[in-house]
Amino acid sequence: MRILFDGFWWRDGPPSGRNVLTSIVREWRSVFSEDEIALAVPAAVAGPAAVEFPDRVEVLASHLPQHGLSTVCELGRHRPFDVVFSHNFTPLFTRALRATFVHDVMFQDRPEWFTRSELLY
C-alpha cells in the first residue's frame, strides 16, 4: 500500500504535533514494513527530513507555506496514493482514502475562539 503522511510539523512546530507525527510514522513503518511511505514536508525542510529516513521514507516537498492551505490544496494531488493521512485539515484534491487526525476538540469547548468558517469545517 502507498501511504502519504502530512509531515508539515516533522521538523518545526509545536512539540506535541511533532511527537504525534513522528511516532505515527515510525510505528507505521515498524508494523507495516512492506508499505511504501511518503512524507510531505515544507520545501524548506525537505532536505533535513530526508536525511532522517534516507532509505525508508520518500520525502516530498510541499510548496504552500501555510499548513491548512498546503494540506487542503496540495496533499496527494499530484501522485497516486492509497491513503493520505493528514492532521487537522482534509485534502480535497486526491482520490485516495483520507484519514484526518484531529489533535483536540477545543472547538467544542471554546467555539468563540474560532471563525464561522473554521467551525463549519
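In what sense do strand 4 and strand 5 pair, and over how many bridges? Parallel, over 5 bridges, with strand 5 covering residues 97-101. Pairing here requires that DSSP finds at least two bridges between two strands.

Some ground rules. This is a predicted model, where local features need pLDDT of at least 70 and side-chain atom pairs count only at pLDDT 80 or more, while totals for chains, interfaces and linings use all residues. Residues are numbered from 1 along each chain as its sequence is written, and side-chain values use heavy atoms, with hydrogens and water left out.

Now the layout. The chain holds 5 helices and 5 strands. Those are DSSP runs numbered from the N terminus: helices are H or I with at least four residues, strands are E with at least two. In sequence order the pattern reads β-α-β-α-β-α-β-β-α-α.

Overall dimensions next. The C-alpha trace spans about 45 × 30 × 30 Å along its principal axes. The radius of gyration is 14 Å, which agrees with the value near 14 Å for a compact globule of 121 residues. That radius is taken over C-alpha atoms, and the globule rule is 2.2 Å times the number of residues to the power 0.38.

Burial. Of the 121 residues, 36% count as buried. Buried means under 20% relative accessible area, exposed over 50%, partly exposed in between, with a 1.4 Å probe and protein chains only.

Back to strand 4, residues 83-87. Is it enclosed or open, and why? It is largely enclosed by the rest of the structure, because 5 of its 5 residues are buried. V83, F85 and H87 point one way; V84 and S86 point the other. In a regular strand the side chains alternate between the two faces of the sheet.

Strand 4 has another partner. Strand 1, residues 2-6, pairs with strand 4 in the parallel sense over 3 bridges. Take V83. V83 is the bridge partner of I3, and V83 also stands opposite L97 in strand 5.

Next, helix 2, residues 46-52, where A46 lies. A46 counts as buried, at 17% relative accessibility. Leaving aside residues up to four places away in sequence, A46 touches V41, V59 and A61. Contact means heavy atoms within 4.5 Å. What about P65? A46 and P65 are 19 residues apart in sequence and 13 Å apart in space, C-alpha to C-alpha.

Last, contacts across the chain. Among those with a separation of 6 or more, 42% come from residues 24 or more positions apart.
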